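The stops below say what to select and what to look for.

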Amino acid sequence: MSLATLDPSQHPYLPESSTTLFRAKATKKLTFEQIAQHLGRNEVAAAAIFYGQAKASPEDIQKLSELLGIPHETLEGQLSGFPDRGRTVEMPPKEPLIYRLYEIVQNYGYAYKAVLNEKFGDGIMSAISFSTKVEKETDADGNNWAVITLRGKWLPFSRF
């Protein structure tokens, strides 16, 4: 089983909670899928809490405290504020996988926009009323494929 871990020296802009959470995750040898099941959330949403990119609810804090063996007061103090989203990634990203996601938008962004505008009209896809999931597919030849679903509410531009 492979675990996502964190080297804080590689991520100087992450909040203090990231180090706390990742250390406990490594100690307990838990995957984000296992953590998400305990929280009753999607695994990407659970990982976003670890990176300080999503707000933890009081229930999330309680469940993380129990699962990871971190004192509730510590997590409450570190996770009760509002996330500073987007700050942790320099642009363009240097990490190859994150760069590839960025590259997808660079290469296909206007094509996505054109197709979405034709289907929905003038507007944008929300990243707030939003969900995502990651799945693994294996084809008949044994090749693995990453399937990322992005689901955002369509927000039409207002006429004023």
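Helices (H or I, at least four residues) and strands (E, at least two) are DSSP runs, numbered from the N terminus. This is a predicted model, in which local features need pLDDT of at least 70, side-chain atom pairs count only at pLDDT 80 or more, and totals for chains, interfaces and linings use all residues. Residues are numbered from 1 along each chain as its sequence is written, and side-chain values use heavy atoms, with hydrogens and water left out.

**Whole chain**

Start with a cartoon view. The protein has six helices and two strands. From the N terminus the order is α-α-α-α-α-α-β-β. Along its principal axes, the C-alpha trace spans about 50 × 50 × 30 Å.

Accessible areas come from the Shrake-Rupley method with a 1.4 Å probe; for residues, only the protein chains shown count as cover. The total is about 11600 Å², and 55% of this belongs to carbon and sulfur atoms. Buried means under 20% relative accessible area, exposed over 50%, and partly exposed in between (1.4 Å probe, protein chains only). Of the 160 residues, 24% count as buried. A contact means heavy atoms within 4.5 Å. Among contacts between residues at least 6 apart in sequence, 53% join residues at least 24 apart.

**Helix H4 and its cover**

Select residues 58-68, which make up helix H4. Its buried residues are Asp60, Ile61, Leu64, Ser65, Leu67 and Leu68. What covers the buried residues of H4? Show helix H1 (16-28), helix H2 (32-39), helix H3 (43-50) and helix H5 (72-79), which are included in that cover. Then step just past the end of H4: glycine 69 has a positive phi of about 70° there.

The term means a side-chain nitrogen of Lys or Arg within 4 Å of a carboxyl oxygen of Asp or Glu. Arginine 41 sits in the loop between H2 and H3 and aspartate 60 in helix H4, so the pair ties together parts that are 19 residues apart in sequence. Are the two partners buried or exposed? Aspartate 60 is buried, at 4% relative accessibility. Arginine 41 is partly exposed, at 31%.

**Annotated positions**

The structure holds two salt bridges. For the pair in H6, select Arg100 and Glu103. Their side chains meet at 2.9 Å, N to O. Both residues lie in helix H6, three residues apart, about one turn of the helix. Arginine 100 is partly exposed, with a relative accessible area of 48%. Glutamate 103 is also partly exposed, with 25%.

An unreviewed UniProt entry places the feature "active site" at Arg100, Glu103 and Ser126. UniProt positions are given in the numbering used here, feature names are shortened, and annotations may be inferred rather than shown by experiment.

Zoom in on serine 126, in strand S1. Serine 126 is buried, at 6% relative accessibility. Which residues does serine 126 contact, leaving aside its neighbours within four places in sequence? Gly152, Lys153 and Leu155. Also check the backbone nitrogen of isoleucine 128, which lies 2.9 Å from a polar atom of the serine 126 side chain.

**Glycine 123**

Move along strand S1 to glycine 123. This glycine counts as buried, at 10% relative accessibility. Beyond residues up to four places away in sequence, glycine 123 touches Asn117, Trp154, Leu155, Pro156 and Phe157.

**The nonpolar patch**

Return to the surface. Select Leu101, Ile104, Tyr108, Tyr112, Met125, Phe130, Val134, Ile148 and Leu150, which form a nonpolar patch with about 840 Å² of accessible area together. Patches are made of residues with over 30% relative accessible area and no salt bridge: like charges are joined within 9 Å, nonpolar side chains (Val, Leu, Ile, Met, Phe, Trp, Tyr) within 5 Å.

Colour by element next. Helix H6 (96-120), strand S1 (123-138) and strand S2 (144-156) each supply at least two residues of the patch. Which element gives the most? H6, with four residues. End on leucine 150, in strand S2. Leucine 150 is exposed, with a relative accessible area of 53%.

Note on methods:
Polar contact = N/O pair within 3.5 Å; in protein donor to acceptor, adjacent residues only side chain to side chain.
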